[in-house]
Amino acid sequence: MNNILTQNDIQHVDYKDVDLLKQFVNPHGRVMGRKRTGLTAKQQRAVEAAVKRARFMGLLPYIQK
Amino acid sequence: MTEEKDAGADIVSRIYEVGYHIASTVKEEDVEKVVSALRGEIEKGGGSFIAEGSPSLMKLAFPMIVREGEKKIVHDRAYFGWIKFEAPTEAAEALEASLKRNTNIVRAIVFRTVREDTRAKYKAPTLREVKRTDTIKSSPRRAPEATEKAPVSEAELDKALEHLTTE
């Protein structure tokens, strides 16, 4: 599978890695779908959980204009 | 996820991480006191530390509104720090409750994680990397004329003109 996580050999997605998470959200701040991210189902779930934690902690916005 | 059961007792120890925002109204020298109180809370429940990120002032992605009685306090920046620790489930629950009570803490999150370092060594790609110190040199398209001719004397000029007109 050719995606950012596999290419960079990233096993765990941390909510503090904002630069990494920004690769998976669109300019409006919404999480991209699997078709766009190219992630596996497991990786996509990990990214979603991390984005939600990052949003709660004010590291990522919920919405962006 | 790791679960370690102590022999005999039914205490389940798990790996947790706590992320917290300390209010920017707290003085910089008092931030460490708030963190040490947090560490004390973890140790009290029988927890042991694995990793820690010291709090640093950061701008929040959106303003956080905290109600203090009648007043609403808006925080747009806070000291963000985190601690990864191993503790029994009860200790984690007690920590979460104490974080909610703590008025110095704007927002906190406690969740289960893994012992390994989860931070990714990832650098976001940029369109092009030009350092501020870099100077962009422009190469001249035409080489400047190399030789400067010696000044021509009046007599030589007349001679050359005469040569041209006679032809």
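View 1. The contact (heavy atoms within 4.5 Å) takes 25 residues from chain B and 20 residues from chain A. This is a predicted model, in which local features need pLDDT of at least 70 and side-chain atom pairs count only at pLDDT 80 or more, whereas totals for chains, interfaces and linings use all residues. Residues are numbered from 1 along each chain as its sequence is written, chains are lettered from A and ligands numbered from 1 in the order in which they are written, and side-chain values use heavy atoms, with hydrogens and water left out.

**View 2. Salt bridges across the interface of chain B and chain A.** The rule, which asks for a side-chain nitrogen of Lys or Arg within 4 Å of a carboxyl oxygen of Asp or Glu, finds two salt bridges across this interface. Lys16(A) forms a salt bridge with Glu17(B), and their closest N and O atoms are 2.5 Å apart. The side of chain B that touches chain A draws at least two residues from each of strand S2 (12-23), strand S3 (48-68), strand S4 (71-88) and strand S5 (105-112) of chain B, strands being DSSP runs (E, at least two residues) numbered from the N terminus. By class, that side holds 16 nonpolar, three polar and six charged residues, where Ala, Val, Leu, Ile, Met, Phe, Trp, Tyr, Cys and Pro count as nonpolar, Asp, Glu, Lys and Arg as charged, and the others, Gly among them, as polar.

**View 3. The largest pocket, with residues of both chains near its centre.** A pocket is an open set of points on a 1 Å grid over the protein atoms alone, where a 1.4 Å probe fits, with protein on both sides within 12 Å along at least five of seven lines, and lining residues have an atom within 4 Å of a point. Of its 21 lining residues, Gln11(A), His12(A), Val13(A), Ala46(A) and Thr118(B) lie nearest its centre.

Technical notes: Helices (H or I, at least four residues) and strands (E, at least two) are DSSP runs, numbered from the N terminus.
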